[in-house]
Amino acid sequence: MGIPHDDAVLIEQPDNPNEPRVITVSCPDKTGLGCDLCRVILFFGLSIVRGDMSTDGKWCYIVFWVIERGERRTRWGLLKKRLMDACPSPYASAVILFYGEEAQQPRPPEVFLLRFSCLDRMGLLHDVTQVLCELELTIRRVKVSTTPDGRVVDLFFITDTRELLHTRKRKDDTCDMLRAVLGDSMMECCIELAEAEIASCLQASSFLPPSITEEIFGLELPEEIVKGSSPPNNLSVTMDNSLSPAHTLIQIYCQDHKGLLYDIMRTLKDYSIQISYGRFYENQSGYCELDLFVIQADGKKIVDPNKQKSLCSRLRMELFHPLRVTVVNRGPETELLVANPVELSNKGRPLVFYDITLALKLLNTRIFLAEIGRHMIGGREWEIYRILLNDEYEFSASKNEIEEGVKKMLMGWE
């Protein structure tokens, strides 16, 4: 029969502070639920070191063992609320039967324009991004520019997880927190509902300079990964239909990285693959093992060789290149490019801009211009971060140091 929705998520504190906290989720099942939960956990900066999940097709039971990494302190009460928001209500099926599927379609969030100006300084953009993350404001697009006199003009297109940004108090609280961080250097702060024409520009565009397409998306898997034999970093993705009469077993072995379980769940969600039983474990050497018993949306095993090959190939690619990072020369200027795939549900990977700006701050590298946009490339939607760097600063890092530093921050490699 399940449990009341108020108790759908339980977070247990360990006896030993060095041990992982245990998050237990018990709620109605839906395709992509694991992805949605992993995305929330990733947004809060937590790493999943172990996981178990099972479902009978109607009700699921999921357990995550998570640890904190980095300096961000977790607001556990808020995490529980956000996880509960991701869980289907026990009454959802009754609502669908009575009102129809249309009643369950969430309306798109309102897009707001945050505009402010201040004097430039090292790490400015990261400090602003950190404030927005703490306020649960999602950055959909940003345009940051620096004037010759050292004044920064920032335009952030944001959505509010709490859906309160239309209120005067929420706007004032946001500006007050930004002023507390920026101090007297802040000259202006304004938040207003973005016009419909501007909000529509947030949709994916097919236009992107050819050079960027070649540099970012020209990456191909090494031949040994394509063939699935002797891959580097011990990356392995295999399928087996002989161990279960009703399910396909997907076995994955790979090096751990930040958001690993999210990347796997996101890929399965995009393919409409349902997990009936799964187990995830990170060993002491930093490698992860996953056993996932899955079915297709029609409730059947994956028996089509072409579907098997396509899914395995996509999983290998997502694990080998979950994000694309490169630093290129644009004439006399240096540009950092970062790209990550967007879910079919239109959600982007959380904390990417946060990690990029933190890495650049630690590398003493100033940002001259930054833009975030979505583009359709190769039949997929990508979130592209284009950051023009100010390399005139005497302590700026080299191109190799920037690329390596940003990649390590995004992947969670120390």
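Guide: A residue is called buried when its relative accessible area is under 20%. The model is a predicted one.

Visitor: What makes Leu 351 count as buried or exposed?

Guide: Leu 351 has 12% relative accessibility, and the limit for buried is under 20%, so Leu 351 counts as buried. The residue lies in the loop between strand E14 (333–341) and helix H11 (352–362).

Visitor: What is said about the phi of Leu 351?

Guide: Leu 351 is not a glycine, yet its phi is positive, about 70°. Most residues other than glycine have a negative phi. Glu 163 is another non-glycine residue with a positive phi, of about 55°. Glu 163 is found in the loop between E7 and H5.

Visitor: Why is the link of Cys 175 and Cys 189 called a disulfide?

Guide: The sulfur atoms of Cys 175 and Cys 189 are 2.4 Å apart. A disulfide requires two cysteine sulfur atoms within 2.5 Å, so the pair qualifies. By this rule the count comes to one disulfide.

Visitor: Which parts of the chain does the pair tie together?

Guide: Cys 175 lies in helix H5 (residues 168–182) and Cys 189 in strand E8 (residues 186–193), so the bond ties together parts that are 14 residues apart in sequence. The angle about the S-S bond is -80°, and the link is left-handed. Both Cys 175 and Cys 189 are buried.

Visitor: Why is Cys 87 in no disulfide?

Guide: The nearest cysteine sulfur to that of Cys 87 belongs to Cys 27 and is 3.7 Å away. A disulfide needs a distance within 2.5 Å, so Cys 87 is in none. Cys 87 has 6% relative accessibility and therefore counts as buried.

Visitor: What is the case for Cys 288?

Guide: The nearest cysteine sulfur to Cys 288 is that of Cys 254, at 5.6 Å, and Cys 288 is in no disulfide. With a relative accessibility of 0%, Cys 288 counts as buried.

Visitor: How do you know that the length of helix H10 agrees with its number of residues?

Guide: H10 covers residues 305–320, which is 16 residues.

Visitor: What makes Asp 304 a cap of H10?

Guide: A side-chain oxygen of Asp 304 lies 2.9 Å from the backbone nitrogen of Asn 306, at the N-terminal end of H10. The limit for a polar contact is 3.5 Å, so the distance qualifies. Further along H10, the buried residues are Leu 311, Cys 312, Leu 315, Arg 316, Met 317, Glu 318 and Leu 319.

Visitor: Why are strand E2 and strand E4 said to pair?

Guide: Pairing requires at least two bridges, and E2 (residues 21–28) and E4 (residues 59–68) have eight, so they pair, in the antiparallel sense. Strand E3 (residues 46–55) also pairs with E4 in the antiparallel sense, over nine bridges. Ile 62 in E4 stands opposite Val 25 and opposite Met 53. The hairpin of E3 and E4 has three residues between the strands, and Gly 57 there takes a positive phi near 95°.

Visitor: What makes strand E7 mostly covered?

Guide: Seven of the ten residues of E7 (residues 151–160) are buried. E7 pairs in the antiparallel sense with strand E5 (residues 112–119) over eight bridges, and with strand E6 (residues 137–146) over nine bridges. Leu 119 stands opposite Arg 151 in E7, while Val 152 in E7 is the bridge partner of Thr 146.

Visitor: How do you know that Thr 129 is buried?

Guide: Thr 129 has a relative accessible area of 1%, and buried means under 20%, so Thr 129 is buried. Thr 129 is found in helix H4 (residues 124–134). Leaving aside residues up to four places away in sequence, Thr 129 touches Ile 139, Phe 353, Tyr 354 and Thr 357.

Terms used
Residues are numbered from 1 along each chain as its sequence is written. This is a predicted model: local features need pLDDT of at least 70, side-chain atom pairs count only at pLDDT 80 or more; totals for chains, interfaces and linings use all residues. Side-chain values use heavy atoms; hydrogens and water are left out. Helices (H or I, at least four residues) and strands (E, at least two) are DSSP runs, numbered from the N terminus. The expected span of a helix is 1.5 Å times one less than its number of residues. Buried means under 20% relative accessible area, exposed over 50%, partly exposed in between (1.4 Å probe, protein chains only). A polar contact is a pair of N or O atoms within 3.5 Å; within protein, one must be able to donate a hydrogen and the other to accept it, and residues adjacent in sequence count only if both atoms are side-chain atoms. Contact means heavy atoms within 4.5 Å.
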